[in-house]
Amino acid sequence: MLTHLVILQVIVPLLAAPLCLFLTSSRLSWFFALISSLITCVISILLLQQVMTVGTIVYELGDWNAPWGIEYRIDKLSAYLLIIISSISTVVLLAAQTSIEEEIPQDRHNVFYVLYLLSLAGMLGIVATGDVFNVFVFLEITSLSAYSLIALGRDRRALWASYQYLIMGTIGATFILIGIGLMYQMTGTLNMNDLSVRLREVDQTRTIFVAFSFIFVGICLKLALFPLHFWLPNAYAYAPSIVTAFFAATSTKVAIYLLIRFTFSVFGLSYSFTALPLQTLLLVLGLLGIFVASIAAIYQQNVKHLFAYSSIAQIGYMVVGISMNTTMGLMATLLHLFNHALMKGALFLALAALIYQTGSVRLSDFQGLGRQMPLTMAAIVLGGLSLIGVPLTVGFVSKWYLVLAAIEVGWWPVAVLMLVASLLAIIYVWRIVEIAYFSPPANGMAQGREIAKEAPLAFLIPVWLLVSSNIYFGIDTRLSVQVAQAASQSLIGLSP
Amino acid sequence: MKDLFAVVMLSGIYSLLSACFFVAMNAVDVAITEASVGACISTLLMLTAITMTGNCKKRDYHKPLTALLVVSVTGGLLIYGTLDMPYFGSAEAPAHVHVAPRYINDSFQETGVVNMVTAILASYRAFDTLGEVVVIFTAGIGVLALISASPTAREDATSGAANHSMHEQHLSLRITTKMLLPFIMLFAFYVQFHGDFGPGGGFQAGVIFSAAIVLYSMLFGLRTARRVINQTFTKLFAAFGILLYGSTGLISLQNGGRFLDYNFFLNDPIAGQHLGILLIELGVGCTVASTMIIIIFSFTGRLEDLQNRKNGQA
Amino acid sequence: MLMGLYNYWIVVILMMIGLYIVIAHGNLIKKIVGLNIFQTSVFILYISIAKIDGDTAPILTEGVNHYSNPLPHVLILTAIVVCIATTALGLALAVRIKEAYGSAEEEDIQKKDNKEC
């Protein structure tokens with residue numbers, strides 16, 4: 001059984017999804033989805049242990065050797081991401097049933113869980129596979145379930161946001177398909193490992209240059225890198241809150257994974273950073289993303305929009321880390337990835353609790369919530385502190401390494417700019433804190449709403465689970481740093 | 001173009017022409033799939049959609065400058081990329097030299113299947129096909145989540161008004177359809193099981209089967225068709241297809257091989273390959289047929305609800 | 001060179017027509033039609049890659065030695081499925097948007113959204 005863990009990682013949620021369709025009761029579907037997600041999480045922990053001791057695991061499906069068959073390749077980076085995705089999924093599912101009872105009509109609950117499991121399976125499949133066309137197929141599974149999940153939101157703007165995401169996402173996926181086709185034409189193979197070898201011979205051709213550009217643009221569309229980020233704020237704001245919590249913490253991480261995988265493993269360091277002016281491009285776009293998004297976040301009235309823009313800014317940080325092209329830069333990106341998953345997961349779950357209790361996410365409706373919903377608001381404040389990068393949180397650790405990495409390469413202006421952007425984060429987090437704690441409670445009675453009570457346990461447990469891991473990993477950094485460092489070293493070391 | 005109906009029909013013709021192109025390029029499996037899916041299902045769905053959203057474009061809303069910019073940059077980049085490509089039809093292209101020769105030369109010995117495309121699809125790259133089936137399943141579930149009518153709404157519809165059957169008016173159509181239906185279904189089964197020896201396979205078979213059901217529903221009304229093919233049954237049948245596919249893989253795990261390794265099914269590897277391919281193609285056919293039926297019935301059901309509401313108000 | 005590459009250039013032109021329709025037009029259904037054309041042209045690209053001069057369909061037949069490359073055919077079969085899945089979902093969204101907003105034109109929808117904010 002242990003040798004087959006690799007494929008079970010993806011098969012368990014993939015087969016659980018159609019099985020879930022047989023369950024008609026909403027609660028039963030939730031419980032089944034939770035158990036499946038938990039099993040997936042356990043498998044990912046076992047896989048990480050295996051990879052850290054044994055090294056890269058290779059699993060050939062159907063027992064056909066690559067490149068004639070499809071192979072699954074788990075290295076330290078994949079294992080790291082698998083564990084992040086599956087654990088976030090399990091934690092978010094803890095609060096899912098309570099949240100969707102308010103936000104999604106009863107007859108759609110069963111379908112919701114089916115789609116959730118499908119997107120989980122899709123994301124795990126993208127990370128675990130070693131074949132580029134398989135990436136495309138599972139990318140489409142993730143994207144299609146995402147479009148449907150987002151469109152389940154209450155507001156009619158959810159439909160429009162989902163449609164825009166569909167159009168942009170499909171163009172991105174088709175670009176990736178074109179890139180794969182061009183790569184296949186010049187090398188004859190679809191296996192990532194094989195491609196990295198054969199691309200050496202043809203990488204001076206214009207066709208490969210174009211292939212790389214198309215794949216890069218396709219991934220950036222999925223990543224919401226500035227200036228292709230337009231679909232993200234609306235999609236995150238109007239989707240059901242649980243969906244936002246899940247996707248904010250996982251889907252962009254998978255896109256970063258794809259960027260790293262294609263840049264470092266498939267095309268190779270030496271090609272990627274010389275062919276396209278990738279270093280400058282990623283640096284400039286990353287920095288622009290950080291600043292434009294942070295400034296936009298300051299002016300938002302809807303808190304979900306605010307944190308969505310903040311997500312775009314964080315993606316900018318991760319991209320700047322990649323652009324540095326050093327072990328420390330990549331390690332900082334991976335740490336920030338981990339941090340962002342924990343942080344945004346906690347924040348959006350807390351927002352889900354708020355919506356459940358008060359029914360609104362407008363900043364003006366937050367007045368006095370600090371006293372009425374102390375635990376939930378405290379979680380949001382701690383999450384915000386992690387966003388800024390205050391010591392004792394994981395945010396501090398990742399920002400610290402990012403700045404260190406920038407200094408190591410001699411990019412002093414970049415380091416300064418990153419610190420300035422943290423100040424911007426302080427502004428928009430302070431806005432929330434000020435309204436929640438320092439304003440008198442809104443006239444709830446006059447508006448016909450009850451005074452909000454604290455959120456139910458179903459929300460508090462997962463939220464505080466994520467927040468406390470945030471603080472725990474901020475203090476005891478050994479595990480996360482060790483894995484991130486090992487992953488980045490192996491990527492840069494093996495990169496042609 | 002202002003008239004969306006014309007746009008949709010032209011798009012259908014484009015799909016049909018590309019299917020002919022695929023035949024000319026000797027891609028026969030692809031041609032049959034493109035013809036059934038692109039020209040048939042896609043056009044049908046679009047026609048239903050424009051009936052609900054409006055036949056004509058209201059205004060000539062254009063963003064021509066941004067579009068032209070994006071298109072010229074992308075197009076220019078692509079043409080730049082083609083300059084180094086191996087010439088069209090060249091036999092020394094890397095694509096034909098590296099991985100493909102084993103498929104062409106050895107697939108019969110290794111899998112016992114004559115159709116190389118089926119061999120790759122169902123054996124060498126079977127996991128991709130599992131992904132493909134899950135994609136279509138996801139779309140079916142997504143469509144269900146978005147536009148399926150809630151059970152109460154369906155019960156409210158009066159039986160008379162909802163039965164948009166044409167059979168009273170078009171006798172010849174009714175008789176022809178009733179004669180054609182069994183042949184279409186038989187052809188679907190033929191394509192399903194003959195996929196090993198000629199063009200075809202689970203996916204094409206599923207689409208053709210669902211086309212038969214759709215034809216029936218178009219002529220005899222959605223209510224009648226729903227009585228023949230129950231919504232719940234279709235959903236569960238779609239799930240069953242994927243589970244069949246997955247179980248085939250899991251059985252290989254249990255027998256000691258890798259996932260989807262058919263050599264371990266029976267004592268003889270070639271017989272095992274045949275059995276494995278048969279089972280998964282069956283799974284694909286089930287899921288695809290059910291999902292297409294779900295999607296088309298959902299769209300048609302929504303259309304009928306809309307028309308009922310309009311008639312009710314009028 | 002023209003004779004060797006003309007096929008690819010025609011495909012590129014078809015792709016760009018599809019992409020142009022998606023971006024330029026405001027009607028939701030027309031965008032999806034454009035997306036369809038874009039994706040179908042990508043399939044034509046892949047199948048052009050698969051062709052070898054003087055080949056036949058990749059099904060083992062008596063007396064034939066020269067076969068077309070079967071791998072791109074497999075990839076395109078999967079891609080066609082993905083295309084129809086996206087189209088179905090996109091059309092379902094367009095229908096729901098029309099019911100919710102009363103219009104299937106991008107301009108009208110954005111106007112209504114701006115009024116709400």
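## Close-up views of chain B and its contacts

**View 1. The two domains of chain B.** Chain B is divided into domain 1, covering residues 1-83, and domain 2, covering residues 113-314, and the model in which they are shown is a predicted one. Where these domains meet, 13 residues of domain 1 of chain B are in contact with 18 residues of domain 2 of chain B. Together domain 1 and domain 2 of chain B bury about 1400 Å², with carbon and sulfur atoms accounting for 84% of that area. Between domain 1 and domain 2 of chain B there are 0 salt bridges, whereas 4 residue pairs are in polar contact, with both residues at pLDDT 80 or more. On the side of domain 1 of chain B that touches domain 2 of chain B, the residues comprise 8 nonpolar, 4 polar and 1 charged.

**View 2. The interface of chain B with chain C.** In this interface, 81 residues of chain B meet 73 residues of chain C, and the area buried between the two chains is about 7300 Å², of which 74% comes from carbon and sulfur atoms. The interface of chain B and chain C holds 1 salt bridge, formed between C:Glu99 and B:Arg302, whose closest N and O atoms lie 2.7 Å apart. Polar contacts between chain B and chain C amount to 7 residue pairs, counted with both residues at pLDDT 80 or more.

**View 3. The interface of chain B with chain A.** Here 51 residues of chain B are in contact with 61 residues of chain A, and chain B and chain A bury about 5100 Å² between them, 72% of it on carbon and sulfur atoms. Three residues, B:His98, B:Phe127 and B:Arg258, supply 14% of the area that chain B buries against chain A, which is more than any other three residues. There is 1 salt bridge between chain B and chain A, in which B:Arg125 pairs with A:Asp131 and the closest N and O atoms are 2.7 Å apart. Between chain B and chain A, 8 residue pairs are in polar contact, with both residues at pLDDT 80 or more.

**View 4. Helices of chain B that face chain A.** At least two residues of the side of chain B that touches chain A come from each of several helices of chain B, including helix H3 (64-82), helix H5 (100-111) and helix H13 (231-254). Helix H7 (126-147) of chain B is also one of these helices, and H7(B) provides the largest share of this side, 14 residues. By class, the side of chain B that touches chain A is made up of 29 nonpolar, 13 polar and 9 charged residues.

**View 5. Confidence in chain C and in the model.** Chain C has an average pLDDT of 85, and 97% of its residues score at least 70. Within chain C, confidence is highest in helix H3 (residues 70-101), at a mean of 92, and lowest in helix H4 (residues 106-116), at a mean of 79. The predicted model as such carries an ipTM of 0.94 and a pTM of 0.93.

Technical notes: Residues are numbered from 1 along each chain as its sequence is written. Chains are lettered from A and ligands numbered from 1 in the order in which they are written. This is a predicted model: local features need pLDDT of at least 70, side-chain atom pairs count only at pLDDT 80 or more; totals for chains, interfaces and linings use all residues. Side-chain values use heavy atoms; hydrogens and water are left out. Contact means heavy atoms within 4.5 Å. Buried area is the accessible area (1.4 Å probe) that two parts lose on being put together, summed over both. A salt bridge is a side-chain nitrogen of Lys or Arg within 4 Å of a carboxyl oxygen of Asp or Glu. A polar contact is a pair of N or O atoms within 3.5 Å; within protein, one must be able to donate a hydrogen and the other to accept it, and residues adjacent in sequence count only if both atoms are side-chain atoms. Domain bounds come from an automatic or database domain assignment. Ala, Val, Leu, Ile, Met, Phe, Trp, Tyr, Cys and Pro count as nonpolar, Asp, Glu, Lys and Arg as charged, and the others, Gly among them, as polar. pLDDT is the predictor's confidence in each residue, from 0 to 100. Helices (H or I, at least four residues) and strands (E, at least two) are DSSP runs, numbered from the N terminus.
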